[in-house]
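Morning, everyone. I have one structure to show today, and I'll keep it short.

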Amino acid sequence: MSTNQPILTAAFWRTRRAAAIAGIIFGVLLLAAMAMVRLALAEPDYESLQTDGSRQTMIWWSLQLVPFAGIAFLWFIGVIREQLGDIEDRLFSTVFLGSGLLFLAMLFAGAVTTASMVEMLDGPNVDADVWAYGRDNSEGLISVYAMRMAAVFTLSVSTAGLRARALPRWLSYAGYGVALALLVGSADQKWLQVLFPIWVLMVSVIILVRSPDRGGQ
């Protein structure tokens, strides 16, 4: 059995910048969207939101950013997977790709639900029970399920960074910390969710500025 391992050369990493740029776009857009939604929904009751046009505008703008963040995230996944496909085994590739796609699907589903809730406010009679159901559904999709998938994705990328020596060790270990925070606290502490786009942003900046050699960490 051959023991030859793929060597990470500058040619092998020729699309590093594509991954970095996509990750930066995703991180900035999702971070902005999350921050605007959290600020706009600081008060959970719909009565105050219904009479506050500025908060509705913040939510509207945040929802417009989500699809573009999703496109950038898909590109980020594709480029990273293409670069690491010959290094990692099929189990790793399945977890990496599956968690990323599930995160994106549930993020979109939560955004669609939120958009429906905001449109509901324009009606003459807002049903409090329907509003509460939509709010809880959106929060569950994003805060519970999407963030758990984001944690698995972060673990996968961090592990790949350690194995391939593609990331500084401190950044991979920071990824483990982010994943733990998302797994344990993101459902209750909503602002912890911004750790995911911040971490992707950090990874992307490091990929962009760091030499592709396999030197020291």
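How are α5 and α6 oriented to each other, roughly parallel or roughly antiparallel? Keep in mind that this is a predicted model. Now look at the axes. Those of α5 and α6 come within 8 Å and cross at roughly 165°. An angle over 145 degrees counts as roughly antiparallel. Therefore α5 and α6 are roughly antiparallel to each other. The crossing of α5 and α6 is left-handed. Among the residues making the contact are Ala 150, Ala 151 and Leu 155 of α5, and Tyr 176, Val 178 and Ala 179 of α6. By class, this contact of α5 with α6 has 11 nonpolar, 6 polar and 2 charged residues.

On to the next pair. The axes of α6 and α7 come within 10 Å, crossing at roughly 165°. So α6 and α7 are roughly antiparallel to each other. Their crossing is left-handed. From α6, the contact includes Trp 170 and Leu 171; from α7, it includes Phe 196 and Trp 199. Here the classes are 12 nonpolar, 1 polar and no charged residues.

Now the core. The largest nonpolar core has 54 residues. Which members touch the most others? They are Phe 26, Phe 73, Phe 76, Phe 103, Phe 153 and Phe 196. Elements giving two or more residues to this core include α1, α5 and α7. The most come from α3, which gives 11 residues.

Let's zoom in on Phe 153. Leaving aside neighbours within four places in sequence, Phe 153 is in contact with Phe 73, Phe 76, Ile 77, Phe 96, Ser 99, Gly 100 and Phe 196. That's my last slide.

Notes: Residues are numbered from 1 along each chain as its sequence is written. This is a predicted model: local features need pLDDT of at least 70, side-chain atom pairs count only at pLDDT 80 or more; totals for chains, interfaces and linings use all residues. Side-chain values use heavy atoms; hydrogens and water are left out. A nonpolar core is a set of buried Ala, Val, Leu, Ile, Met, Phe, Trp, Tyr and Cys residues joined through side-chain atoms within 4.5 Å. Buried means under 20% relative accessible area, exposed over 50%, partly exposed in between (1.4 Å probe, protein chains only). Helices (H or I, at least four residues) and strands (E, at least two) are DSSP runs, numbered from the N terminus. Contact means heavy atoms within 4.5 Å. Axes are lines fitted to C-alpha atoms, for helices over the stretch in contact, and angles run from 0 to 180 degrees between N-to-C directions. Angles under 35 degrees count as roughly parallel, over 145 as roughly antiparallel, 65 to 115 as roughly perpendicular and the rest as oblique. A crossing is left-handed if the near helix is turned anticlockwise from the far one by less than a right angle, and right-handed if clockwise. Ala, Val, Leu, Ile, Met, Phe, Trp, Tyr, Cys and Pro count as nonpolar, Asp, Glu, Lys and Arg as charged, and the others, Gly among them, as polar.
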